[in-house]
Amino acid sequence: MAEPLKLLTRNVGKPNSTHIDTYMASGGYEPLMKALHKMTPEQVLNEVKAANLKGRGGAAFPAGLKWSFLPRKKEGEKKEPLKYLVCNADESEPGTFKDRLLIENDPHAILEGILIAGWATQAAGCFFYIRGEMPQGARIFQRAVDQAYAKGFLGKNILGSGFDFDVWVARGAGAYICGEETALMESLEGKRGQPRLKPPFPAGYGVYGVPSNINNVETYANVPLIIQNGAAWYTSIGTPSMPGPRLYGVSGHVKRPGIYELPGGVSLREILYEHAGGILGDRPLKAVIPGGSSTPVLRADQIDVAMDPDGLKTVGSMIGSAGVIVMNDTVCMVKALLNLLEFYARESCGQCTPCREGTHWLELILRRLEEGGGKEADVDLIVEVSENIMGRTICPLGDAAAMPAISFAKQFREEFLAHAKLGRCPMGHVPMTTVV
Amino acid sequence: MSEAKPDVQAKLQDPEFLEKIEALKAAYPQPRTALLMCLHLCQSEFRHVPEACQELLAEKLGMTPAHVRGVVTFYEMFTEEPTGKYLLQVCKTLPCLLAGSEKILEHLERRLGIKPGETTPDGRFTLVAVECLACCDSGPAFMVNETLHRRVSTDDVDRILHELE
Ligand SMILES: Cc1cc2nc3c(=O)[nH]c(=O)nc-3n(C[C@H](O)[C@H](O)[C@H](O)COP(=O)(O)O)c2cc1C
Ligand code: SF4
Ligand code: FES
């Protein structure tokens, strides 16, 4: 069994952990000094590339590669082209609660990662976009930013390096879709959070049309570790498809729900039975969603799998945000899926017909099945409607709704059919009567 | 400017309030980024975003009132009708459902005699069922205005409401 790590969570639980003095007392901002004084931006970029840091927001895209898409000044040019960074602190994917831990306990680790990324890309500043329902987190992060300005880590000519960098904290206001990168940028421009058609990608056309790079909170928080200890150390933790430490959030039917910091690619069984204490009530495990609500569901016999992109691919799922939702045998899978489709139907921004109508119809079909008015053909209909959403929308929210729908209906087909055959939920569940 | 209640009118002319808006406007590379922050300010001040307020922000930030209204109606945290003094938000999404959020919601409905989306006649409580609040390891999650309560039981809910009353 892998011992829990204390890397990303090194400051969690310390008294006054959000204060810059606490952060600096254990070596905080030394990686920034190293980067600014001893490394060129290219060296920092190459270190992050060599570390193969994968995005923690959902898609596991290599961060170093994404940074390198931003334009740099050419030979003979005096000034760097204007560009921005964005830190995605929208954290709204059901089952995901790791960024909150970092924001509320160790904001300076995030801020230092942002600053080092700013140096590597020679960006002008970073927008920190935090979901509206985390007012406390916004205040904590703003205070951290203010402290960093006061110490000269932000602003003009940082630590005498000639590098200028600012951070602006902006709040969302209750819309899951604003976690999608281009919707987030629209929101930062004071608009409705409706995703943009890609291409152009943010690296060419981002906030205000300026080239921008966006990463998740946890992604940035990894950067100081890489700069301090080097890429070789970093890749010695985790697996080739998910190097480094990872925050796994475990919720639902386990004895000890919580955040566990473990190497990338640790086995799902180990997370559930050793770290999270096993299944609630010592009941049989029924199903696990491994990486946030948008990732395909696994059956109990599929948990001997590495929690990384390569491992989860072998069972048809994805690592996503590493938010693990556990269900024991008391859960009705139709009701669980209905709950998720209520979410996606409510959160669809409405721009694309397949997503807007598809999620709505899926919700209706599932409600009908759970209430006892469904037909056996509904099970295939769920798959068909979902397949007609997949790949036909502007942003991945459509797929994010379709993937759980298809996987629930296929993995638990017998249970879905039983609802239609019996004309009721075989487990006696009723749908929540109150929606909205 | 459209008609607004006297207290709203007064606030919109209050130098201190206007200064806060100017400060937000100056806090970002472009003023338009301040719109959501300004709307938060109005929502917490008036418990909704009155039309007069939308018009003021449109003027200050160089937008049309229609654009501002479009933004207000898009985001769930902004409302055009006043919410109760206490906004009771019960998380209804899967992890909290597995932790028993239905009981919490039903308890509140019974206790307050209202459905989600409604406000008590005395204007004190508005009940809403919200989606995942990003604290899924400690459901059921229950947020009262800006305060998050974790792992609540129906007894906890009674105690929390009692302390508000
Ligand atoms: C509907 C939707 C919601 C998303 N929500 C979030 C979120 O809350 N936080 C996040 O970091 N990424 C979210 N993403 C992913 C972002 O679009 C983007 O890929 C990510 O922020 C990139 O950061 P990373 O490369 O560091 O992972 C979401 C994507 C979609 C399609
Ligand atoms: S897929 Fe859905 S959420 Fe995404 S742009 Fe289309 S309608 Fe909006
Ligand atoms: S599901 Fe309630 S906080 Fe995530």
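**View 1. The open sheet of chain A has 5 strands.** In this predicted model, the strands of the sheet follow the order β8-β7-β11-β9-β10 in chain A, and their pairing is mixed. β8 (258–263) and β10 (298–299) of chain A each have a single partner strand, so one side of each is left without a neighbour in the sheet. These two strands therefore stand at the edges. Helix α11 of chain A, residues 268–275, packs on the sheet. The helix touches β7 (245–252), β8, β9, β10 and β11 (323–328) of chain A, and its direction makes about 120 degrees with that of β9(A).

**View 2. Strands β9 and β10 of chain A run antiparallel.** Strands of a sheet pair through backbone hydrogen bonds, in either a parallel or an antiparallel manner. Here, 2 bridges join β9(A), residues 285–289, to β10(A). A:Val288 has A:Leu298 of β10(A) as its bridge partner.

**View 3. Helices α14 and α17 of chain A cross at roughly 65 degrees.** Helix α14(A) covers residues 353–371, and helix α17(A) covers residues 413–422. Their axes come within 8 Å. On the side of α14(A), the contact is made by A:Leu366, A:Leu369 and A:Glu370; on the side of α17(A), by A:Phe416, A:His419 and A:Ala420. Sorted by class, the contact between the two helices has 4 nonpolar, 1 polar and 1 charged residues.

**View 4. Ligand 2 sits in the largest cavity.** There are 13 residues around this ligand. Those that come nearest are A:Cys349, A:Cys352, A:Cys355, A:Thr393 and A:Cys395. The shell around ligand 2 divides into 8 nonpolar and 5 polar residues, with no charged ones.

View 5. A:Pro199 lies in the loop between α8 (181–188) and β4 (212–216) of chain A. A:Pro200 has its place in the loop between α8 and β4 of chain A as well.

**View 6. A:Tyr29 has a positive phi.** The value is about 70 degrees, although A:Tyr29 is not a glycine. The residue lies in a loop of chain A, between α1 (20–25) and α2 (30–38).

**View 7. Chain B contains an open sheet of 4 strands.** The strand order is β2-β1-β3-β4, and the pairing is mixed. At the edges are β2 (125–130) and β4 (147–149) of chain B, each of which pairs on one side only. Neighbouring strands of this sheet are turned by 20 degrees against each other on average, with direction ignored. Helix α8 of chain B, residues 154–164, packs on the sheet and touches β1, β2, β3 and β4 of chain B. The direction of this helix makes about 0 degrees with that of β3(B).

**View 8. Strands β1 and β3 of chain B run antiparallel.** Strand β1(B) spans residues 86–91, and strand β3(B) spans residues 142–144. The two are joined by 3 bridges. B:Val90 stands opposite B:Phe142 of β3(B).

**View 9. The secondary structure of chain B comes to 8 helices and 4 strands.** Read from the N terminus on, the elements of chain B run α-α-α-α-α-β-α-α-β-β-β-α. Taken along the principal axes, the C-alpha atoms of the chain fill a box of roughly 45 × 35 × 25 Å.

Key:
Residues numbered from 1 in each chain as written. Chains lettered and ligands numbered in written order. Predicted model: local features only at pLDDT ≥ 70, side-chain atom pairs only at ≥ 80, totals over all residues. Heavy atoms only, no water. Near = heavy atom within 4 Å. 1 Å grid on protein atoms, 1.4 Å probe; cavity = no way out; pocket = protein on both sides within 12 Å on 5 of 7 lines; lining within 4 Å. Sits in = over half its atoms within 2 Å of the grid points. Nonpolar A, V, L, I, M, F, W, Y, C, P; charged D, E, K, R; others polar. Pairing = 2+ DSSP bridges. Axes fitted to C-alpha atoms, helices over the stretch in contact; angles between N-to-C directions. Contact = heavy atoms within 4.5 Å.
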